[in-house]
Amino acid sequence: MHSYLNTSRPPVYCPGCTHESITAGLDRAMGSLNLPADKTVMVTDIGCSGLFDTFFNVHALHGLHGRALTYATGLKLADPSLNVIVTMGDGGLGIGGAHVLAACRRNLDLTLIILNNFNFGMTGGQCSVTTPADAVAGSEFLNQAEIPVDICGIAESAGATYVARCSGLDTNLHEIVAAGINHKGFAVIETLGMCTGRYTKKNRLSPSVLQQMVEDLPPKSGLVARNQRPEYGERYRELCLQNCRYPEPVTVGHQVDFPDYHRQEIAILGSAGMRIVTAGELVCHAGLAAGMNVSMKNDYNITVLRGQSVSEIQISPRKIGYAGSTAPTVVLALSDEGVQQRKKLFATLSPGTFVLKDKSVNIPPCTAEVYEVDFKEWKIAKPDWALAALCFLATKEQAINWEMLDIALKAQFQGKIYLSALGIADKIRCAMATL
Amino acid sequence: MALSFMDGNEALARGAIAAGCNFFAGYPITPATTILSNMLKMLPPRGGVCLQGEDEIASMGYCIGASMAGKKALTATSGPGISLYSEQISFAIGGEIPLVIADVQRLGPSTGSATRGADSDIQFLQWGSTGGVPVIVLAPKDALDCYLLARHAFNYAEEFRCPVFIASNKEIGMTKESFDLESVTLPAVVERKAFSGVNYLPFAAEPDAAPPFLPIGGNTLVRQTSSTHGPDGYITNDPEVIAGSQERLRRKILDHVERITLYEEDIKPGSDTLIISYGVTVRAVADAVEILTEAGRPVSSLTLKSLWPVPEALLLEKAADFRRVVVVEMNLGQYVHEIRRVLGGGRVEFFGQMNGVLITPTQIMEVLCNA
Ligand code: SF4
């Protein structure tokens, strides 16, 4: 049988270390499957188990502590033809726990061999997430206050499709590992082993004790029936085929002539849930339709349906530099929160500024021309106030006109939503006719 | 002529795809999230892979794995995510793994302000990794630049086999604007140089260059490691070998600064002041300069699009004839240290602001007029 062992770099473990037998078992497993070396990659974690990649003649990636599964995932999705084998100690298991869980949930076709020897061998025998509470480890008393994890139990409940546990000295190890590699999906194999350099110096552990530990723990012998499902990579590619329309960028051509258009700066001051950003986009689209340059800067909090929402738009025949607000030509005051966020702006407004406010909104004193409307009275729902305000602007031919706004509405809204926007436009036109 | 209308994040995503990006992994974080959501829509139809990692560390790991399999990988985050990327960034530097990292900066420190912009991470991007090795950091000023610099970033990443950062800002990433995509002149796409000889040593290279690449999964066996390694990719303690590779990691970038230097200039005859800026602040600077020049007080400006490696020769050359140099940045003084180091402190003035709002043209004019 073909061996993948790198004869020029023999293993360098402490005498009696179980890693030695796992190295041999893994080699035998790979040989029994006749894995092509150039389609096999060994991804290793940190610690003594992180030396594995140097002992084999296959592709190798040795990375950061706990992160081996992340590289393995990138490799496998980038090249689905690879056999990806990951070795990790109980240290890597602890620090990289989130990645183990993610890999179990995902079921990408990777093989994870956990070399559990109950402590951090390389750094001095400190306790790990698998150290028994009654063990003597290198972190003084700390392990006595915690309990060890059963990673196989965790892997099963996280959705792993193949979970096996055995002693690293098990004569069937190669068969268990081969079955794991052969399994199409995420396979977790936990081996229990002896760290003769550290752990067994203070704790009684022998091949038979290891075997007894395996027998005392819940048996894990491979396929997890209840978790069987399609392999992630195949499922991912299948879903991609269903999402195959490439979103082309939005472009808007010059369609309306608005002679002598002067630079406009429009501030829409509202609250989350009032579709302020949508209104901003409509204004921009309208400006683009008139052959202008536009920019839109939004200001909102991390809260989703609460807090202010402010959109500041510039429409200019020239290229736009500074995208913040300097001297608004139009202010739409639609909520107190929005106004509060920009309260300093009002003192700077010039008499030529067009301010539209709803009756319910309070604004600081200013010298601008202020139009007050009562959207409630006009039977316009709050989420439509911003759109209604744009209709008001278009009717007054402030910054935008109806031709521009209509192009924007048609482009941004379809079907029923477009019709309901037209309904709001009609309400505003009728209401304004009676003003 | 039809104008495109998109924010900087979408422009960056589109620029990356146009540069050949075929792998993305990221974790949601304001204000960078929409790069992830754009890539999720754009990559699958193009046969690419886009993942949402279980965290930032995983996202970087996915990109590293994919890049080692030969993919052109992008990730995107903001300052808190860069903190989590840090050790993976060090790996990508030491392992010479091509990657593009978009940092849509927000106001720090720490979780700071998720929806407020600042150029918070300008020193962090260079020094937030172990080993002190030079990296490449590009800074866009607007959405169009996000598109263009994504091309440059991928080209540099492939050529120099290193992580390349795009230091964007909330005020660019989430500001929508119109621009003419057809007006931009893009450099040709650069592909990773493949090894073509016999006896491949994954880290054998010219003393000032990145090693030729072969992917994991190809016919020739490849080794990658985050540990200090010799040309063969095995761990080494040999001081001479270590010194050689450390020197090469520096030289492969620093010997080629000129080619990595991207900038714009607006030199006005008769001006005695040069204003140096980068990022979104450039736009306020341009407005201020224009107003002052129209008012008969010409001011010159230099816009840096490459921040790291520091374009020292460019700074010395462009600043030579000016009595006064004013550096403006959207933080309390980060890059100004580099400029003072290169030009000497005497004539370099600084103006910065870190309060979640853009520096205005008026503020810049005040600084310029307060001579
Ligand atoms: S320290 Fe422990 S795990 Fe490491 S080689 Fe020695 S016995 Fe094995």
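Where in chain A is Asn34(A) found? Asn34(A) sits in the loop between helix 1 (18–33) and strand 1 (40–44) of chain A, and its phi is near 55°, a positive value in a residue other than glycine. Please keep in mind that this is a predicted model.

**The contact between chain A and chain B**

- Chain A brings 68 residues to the contact, and chain B brings 68 residues as well.
- About 5300 Å² is buried between chain A and chain B, and carbon and sulfur atoms give 57% of that area.
- Three residues stand out here: His59(A), Tyr246(A) and Tyr322(A) supply 13% of the area that chain A buries against chain B, more than any other three residues.

**Polar and charged pairs across the contact**

- Between chain A and chain B there are 29 residue pairs in polar contact, counting pairs with both residues at pLDDT 80 or more.
- Several elements of chain A each supply at least two residues of the side that touches chain B, among them helix 2 (52–55), strand 2 (59–62), helix 3 (68–78), helix 5 (97–106) and helix 11 (276–289).
- Strand 10 of chain A gives the most to this side, with eight residues.
- Sorted by class, the side of chain A that touches chain B has 32 nonpolar, 22 polar and 14 charged residues.
- A salt bridge links Lys297(A) to Glu171(B), with the closest N and O atoms 2.8 Å apart.
- As a reminder, side chains of opposite charge can pair when their charged atoms come close.

**Strands that pair between the chains**

- Strand 10 of chain A and strand 8 (residues 176–179) of chain B run antiparallel and are joined by two bridges.
- Which residue in strand 8 of chain B is the bridge partner of Ser295(A)? The partner of Ser295(A) there is Glu177(B).

**Domains annotated in chain A**

- An unreviewed UniProt entry places "domain: Thiamine pyrophosphate enzyme TPP-binding" at residues 45–190 of chain A.
- Over residues 45–190, chain A is 34% helix and 19% strand, and the end C-alpha atoms are 15 Å apart.
- Over residues 276–369, chain A is 26% helix and 29% strand, with the end C-alpha atoms 22 Å apart.

**A salt bridge within one helix**

- Arg429(A) and Asp426(A) form a salt bridge through their side chains, at 3.6 Å from N to O.
- Why are Arg429(A) and Asp426(A) separated by about one helical turn? The reason is their spacing, because they are three residues apart in helix 16 (residues 415–433) of chain A.

**Cis peptide bonds in chain B**

- Gly108(B) and Pro109(B) are joined by a cis peptide bond, with omega about 0°.
- Pro109(B) belongs to the loop between strand 5 (99–105) and helix 5 (122–127) of chain B.
- The peptide bond from Trp308(B) to Pro309(B) is cis too, and its omega is near -5°.
- Pro309(B) lies in the loop between strand 13 (306–308) and helix 11 (312–319) of chain B.

Note on methods: Residues numbered from 1 in each chain as written. Chains lettered and ligands numbered in written order. Predicted model: local features only at pLDDT ≥ 70, side-chain atom pairs only at ≥ 80, totals over all residues. Heavy atoms only, no water. Contact = heavy atoms within 4.5 Å. Buried area = accessible area lost by both parts, 1.4 Å probe. Salt bridge = Lys/Arg side-chain N within 4 Å of Asp/Glu carboxyl O. Polar contact = N/O pair within 3.5 Å; in protein donor to acceptor, adjacent residues only side chain to side chain. Helix = DSSP H or I, 4+ residues; strand = E, 2+ residues; numbered from the N terminus. Nonpolar A, V, L, I, M, F, W, Y, C, P; charged D, E, K, R; others polar. Pairing = 2+ DSSP bridges. UniProt positions renumbered as here; feature names shortened; annotations may be inferred.
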